[in-house]
Amino acid sequence: MIVNELAVRSLRELSSRLGFAQLGIVGARDSPNFDRFCEWLDRGYSGSMRYLEDRREAYRHPDYVLENCKSIIMLAMPYAAHPRTQSSKRASLAQGNKAAATVGSGTIAAYAAGRRDYHDLIHERLSEIVTALNRMFPNTRSRGVVDTAPLLERGFAQLAGLGWIGKNTLLLNRELGSYFFLSAVLTQADLPATPAWDSDHCGTCRACLDACPTDAFVEPHVMNATRCISYWTIEHRGAIEESMREGIGDWLFGCDACQTVCPWNRKLEFDLEQDLEPDAWSEKVDCMFWLQLDEATFRARFRHTPFWRTRLAGMQRNAMIVAANTRRNEAISVIRRFLGCGDAVLEETARWSLEQLTE
Ligand code: SF4
Ligand code: SF4
């Protein structure tokens with residue numbers, strides 16, 4: 001066991017050099033919140049995200065992600081808070097970087113504002129941890145995952161001691177708030193677990209529940225994705241339900257409203273990975289920028305960014321809604337060009353947007 005404890009110490013040092021602010025370890029076991037996840041799916045809250053339902057069983061145990069998994073190393077890497085976050089030092093930094101999100105134009109979720117796509121960046125860093133594990137435990141396998149594997153990360157992160165799941169359903173950490181990426185390395189090496197986080201520090205606060213522009217919280221800790229702006233503007237393919245459009249306000253891509261109000265995000269003082277510092281807020285938050293972007297430029301510039309998931313058509317659908325909600329009259333002539341574009345979703349959104357702007 002002493003050998004494994006030395007291994008953990010060396011993994012901790014390595015992860016810190018790689019930009020991870022925190023590391024915790026939990027022994028492989030059934031997913032702690034699998035039943036809640038199934039109930040959430042059964043209530044239809046995952047909407048059109050079929051990939052969740054399709055892999056439902058795989059979320060039950062980490063063995064589905066790595067055979068004979070013995071331990072899960074959970075890692076947290078901070079990113080810049082959204083500029084609207086109330087009194088956050090990291091938000092002020094983000095604000096100082098070029099122009100801050102301009103009210104009346106649009107805004108994007110803070111996680112997408114970094115210079116590089118976090119998947120690529122974190123995968124690179126995780127592979128260094130996997131290499132170190134391979135060296136320390138030669139007859140074992142390890143696998144790094146960020147977002148795409150069927151792993152209920154937040155529950156495992158709580159068991160690994162990284163924090164508690166807040167009423168806004170995000171993992172909260174006393175030092176990092178909630179603006180951080182969670183990732184994991186699953187390994188066949190049997191590592192000593194770190195103490196689980198067993199307290200909740202939301203108390204009587206309900207700021208996130210009250211701040212949600214579209215009433216997505218059914219109750220504390222339960223969010224109906226089919227009422228969430230992030231779901232509609234990032235995950236959903238096709239038209240955005242008309243009843244949701246006004247609530248989207250000026251969110252072009254994602255939404256941070258339930259993070260910007262959280263008191264745990266007010267005093268964030270951690271150094272950021274250079275590559276995750278906000279880049280060109282002014283451009284990516286402008287609906288006119290997206291409406292005038294052509295496919296070739298989008299492909300060249302955004303292939304390795306979170307915007308790729310939504311595709312140019314999705315971003316333009318969102319931009320037309322933001323233009324209508326923020327009364328961007330100068331967008332009218334640009335939006336008219338979508339009327340005969342041949343994409344039924346864009347044509348319908350353009351008609352709706354023009355009605356709002358010209359009524
Ligand atoms: S991300 Fe926005 S829309 Fe979704 S639950 Fe949070 S506040 Fe509501
Ligand atoms: S806003 Fe309040 S209730 Fe919501 S997650 Fe933060 S501390 Fe918890």
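**Entry 1: secondary structure and overall form**

I counted the secondary-structure elements and found 16 helices and 10 strands in the chain. I note that the model is a predicted one. I then checked the overall dimensions along the principal axes, where the C-alpha atoms fill a box of roughly 70 × 45 × 45 Å. For 359 residues, a compact globule would have a radius of gyration near 21 Å, and the chain agrees with this at 21 Å. I looked up burial next: 43% of the 359 residues are buried. Among contacts with a separation of 6 or more, 78% join residues 24 or more positions apart.

**Entry 2: the four-stranded sheet**

In what order do the strands of the open sheet of four strands stand? I read the order as S1-S2-S7-S4, with antiparallel pairing. Strand S1 (22-27) and strand S4 (142-145) stand at the edges with a single partner strand each, so one side of each has no neighbour in the sheet. From one strand to the next, the twist averages 20°. I recall that strands of a sheet pair through backbone hydrogen bonds.

**Entry 3: strand pairs**

I followed S1 to S2 and found six bridges in the antiparallel sense. Within this pair, glycine 27 has serine 71 of S2 as its bridge partner. Is S1 largely enclosed or largely open? Five of its six residues are buried, so S1 is largely enclosed by the rest of the structure.

**Entry 4: the ligand shells**

Which residues surround ligand 1? I listed Cys212, Pro213, Thr214, Ala216, Met223, Cys228, Ile229, Ser230, Cys255, Ala257 and Cys258. Helix H8 (229-235) and helix H10 (257-260) supply at least two residues each to this shell. I sorted the shell around ligand 1 into nine nonpolar, two polar and no charged residues.

I then turned to ligand 2, which 13 residues surround. The closest are Gly166, Cys202, Cys205, Cys208 and Cys262. The shell around ligand 2 divides into nine nonpolar, two polar and two charged residues.

Methods:
Residues are numbered from 1 along each chain as its sequence is written. Chains are lettered from A and ligands numbered from 1 in the order in which they are written. This is a predicted model: local features need pLDDT of at least 70, side-chain atom pairs count only at pLDDT 80 or more; totals for chains, interfaces and linings use all residues. A residue is near a molecule or strand if its C-beta atom, placed from the backbone, lies within 6 Å of it. Ala, Val, Leu, Ile, Met, Phe, Trp, Tyr, Cys and Pro count as nonpolar, Asp, Glu, Lys and Arg as charged, and the others, Gly among them, as polar. Two strands pair if DSSP finds at least two bridges between them. Axes are lines fitted to C-alpha atoms, for helices over the stretch in contact, and angles run from 0 to 180 degrees between N-to-C directions. A residue is buried if 20 or more other C-beta atoms lie within 10 Å of its own, exposed if 12 or fewer, and partly exposed in between; C-beta atoms are placed from the backbone. The radius of gyration is taken over C-alpha atoms; the globule rule is 2.2 Å times the number of residues to the power 0.38. Two residues are in contact if their C-beta atoms, placed from the backbone, lie within 7 Å.
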